[in-house]
Amino acid sequence: MGGVPTLVLILLMATGAADPLATGLGLLATIIAALLLAWTWTGTLAGLEADLRAAAEGRPAPPRAPLLPVAAGVAESATRLARSLAAREALVARLRRADAAIIEALPDPLLVLAEDRRPLRANAAARRFFGTGTGTGTADTAAFLRHPRIAGAVDRALAEGTAQSAEVMLPVPVSRDLSTQIIPLDPPLADGGRLLVVLADRTQARATERMRADFVTNASHELRTPLASIIGFVETLRGPAAGDPEASTRFLAIIAEQAERMRRLIEDLLGLSRIEVTEHQAPEGEARLDSLARDEAEAMAPILASRNVTLSLDLAPATAVPADPSQLAQVLRNLLENAVRHGREGGTVTLSIRALTAPEGGLPPGVILRVSDDGPGIAREHIPRLTERFYRVDSGRARSAGGTGLGLAIVKHIVSHHRGQLLIESEPGHGAVMRVWLPGR
Ligand SMILES: Nc1ncnc2c1ncn2[C@@H]1O[C@H](COP(=O)(O)OP(=O)(O)O)[C@@H](O)[C@H]1O
Ligand SMILES: [Mg+2]
């Protein structure tokens, strides 16, 4: 700065082309001006540097003398640029946190895999599913990802760049039916996630499907047996036994009995589906259990007589609330019928009803109905399965006793609909005791 004029002045002086005094003064003035200018610019540049550094670090500019207008403009633009970059960075961080939170909160187990198939992240549901508190590298996760069908679907998803699905059965620790979706991510997530693995546990749904299918098979089978017998006897009556009054009477009785069995089965099937329909609405109204019991006991007279069973009643006032009286009448009917049909011929059945005013034997206050018999009872291993549809301890015997195999399934449904409890106890050889606790007073 000032170098060129100085050189010219020195040249002029050296060649003697100008007055040495004037040239000397000019030289001095030029040098002083150059130094002043340099000093101002150095200060401005230092200030600008400080401002830019402050902007980059997100600090306010340090206080100092004002800059030259050009430098001040540069500093201000830089500050603005730094501010908008910081805002964008905060936004990106927020979005990343949001996507992590969404993945974490999704109800289905979800894994994020890297390009090399290493699990990078597992959400809360996946950590629960694979039985681990934190982290992704558990043995179960690794075993799952090694499953040939999952590994194959992962390969295809990476190679083709399209979502793949795979159905697998995991045998340990409990057998589980999984439906898995593998979704490639293009572009990858910020943490390098290349694949989303979403699991849906279909165990419950499959079990329900199987149960429905079994139920239809069982129901059809139960209906087909009496129907085949009716068709057979009708043929006989039309053919070989035609004109034989004695055979006709006998066969017609069998036909009537089989038709009655079909009627009962259809009644029970319809009853079961009616209860299933209302399963999710709580019952309204209330039921005087002792008077319901008296009515049902009276209606039992014919079957009591047919098995020569004595029914002993021990009824204290008790009201179930909230309750559906017709459903509770059905509970009484099914339990009494079982005690008579599966109990001892010529035995005694006891029905007692009372209100529990204080907790008793692990049961809260409410009402309790109890049906006991002095028959053969039920072996311990069968008790948990008695409420399954069509489950019978001795199917031949139970069928000939006139049961449909649905009685206790219906009782259990009604009791759980009333938020009650069904308790079955039996000591083989000493009869069975069925107790139903219901909310009430
Ligand atoms: N009081 C009882 N004593 C002995 N066994 C019983 C008694 N109640 C029920 N059971 C057994 O439970 C099975 C299921 O009962 P339930 O569902 O009512 O069907 P069922 O139509 O055969 O009576 C019966 O087949 C019978 O084996
Ligand atoms: Mg029954």
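**Around the ligand**

Tutor: Gladly! This is a predicted model, and ligand 1 has 21 residues around it, the closest being R392, V393, A398, G403 and G407. The elements that supply two or more residues to this shell are α11 and α13.

Student: Which element gives the most to the shell around ligand 1?

Tutor: That is α11, with four residues.

Student: What makes a residue of that shell count as nonpolar, polar or charged?

Tutor: Asp, Glu, Lys and Arg count as charged, and Gly is among those counted as polar. Sorted in this way, the shell around ligand 1 has nine nonpolar, ten polar and two charged residues.

**The whole chain**

Student: What is the secondary structure of the chain?

Tutor: The chain has 13 helices and twelve strands. Its radius of gyration is 45 Å, whereas the globule rule gives 22 Å for 441 residues; 45 Å is well over that, so the chain is more spread out than a compact globule.

Student: What does the C-alpha trace span along its principal axes?

Tutor: About 165 × 55 × 35 Å. The domain assignment lists domain 1 (3–96), domain 2 (106–201), domain 3 (218–278) and domain 4 (282–441). Between the centres of domain 1 and domain 3 there are 110 Å, taken over C-alpha atoms.

Student: How much of the chain is buried?

Tutor: Buried residues are 24% of the 441. As for contacts between residues at least 6 apart in sequence, 59% join residues at least 24 apart.

**Helix α8**

Student: How do you know that the span of helix α8 agrees with its number of residues?

Tutor: Let's set the two values side by side. Helix α8 (residues 245–278) has 34 residues, and at 1.5 Å a residue it should span 50 Å; its end C-alpha atoms are 49 Å apart, so the two agree.

Student: Which residues of α8 are buried, and what covers them?

Tutor: R261, D268 and G271 are buried. The cover over the buried residues of α8 includes α7 (203–238), α11 (325–342) and α13 (407–417).

Student: What makes the phi of R117 worth noting?

Tutor: Most residues other than glycine have a negative phi. R117 is not a glycine, yet its phi is positive, about 70°. R117 sits in the loop between β1 (110–114) and β2 (119–122). With 15 other C-beta atoms within 10 Å, R117 is partly exposed.

Student: And what about the phi of F390?

Tutor: F390 also has a positive phi, near 70°, and is a residue other than glycine. Its place is the loop between β10 (366–373) and α12 (395–400). Its 18 C-beta neighbours inside 10 Å are why F390 counts as partly exposed.

Student: Where are cis peptide bonds found?

Tutor: One joins D186 and P187, with omega about 5°, and P187 is in the loop between β4 (176–184) and β5 (193–201). Another runs from V321 to P322, with omega near -15°. P322 is in the loop between β8 (319–320) and α11. For background, most peptide bonds are trans.

How values were computed:
Residues numbered from 1 in each chain as written. Chains lettered and ligands numbered in written order. Predicted model: local features only at pLDDT ≥ 70, side-chain atom pairs only at ≥ 80, totals over all residues. Expected span 1.5 Å × (residues − 1). Buried ≥ 20, exposed ≤ 12 C-beta atoms within 10 Å, placed from the backbone. Contact = placed C-beta atoms within 7 Å. Rg over C-alpha atoms; globule rule 2.2 N^0.38 Å. Near = placed C-beta within 6 Å. Domains from an automatic or database assignment.
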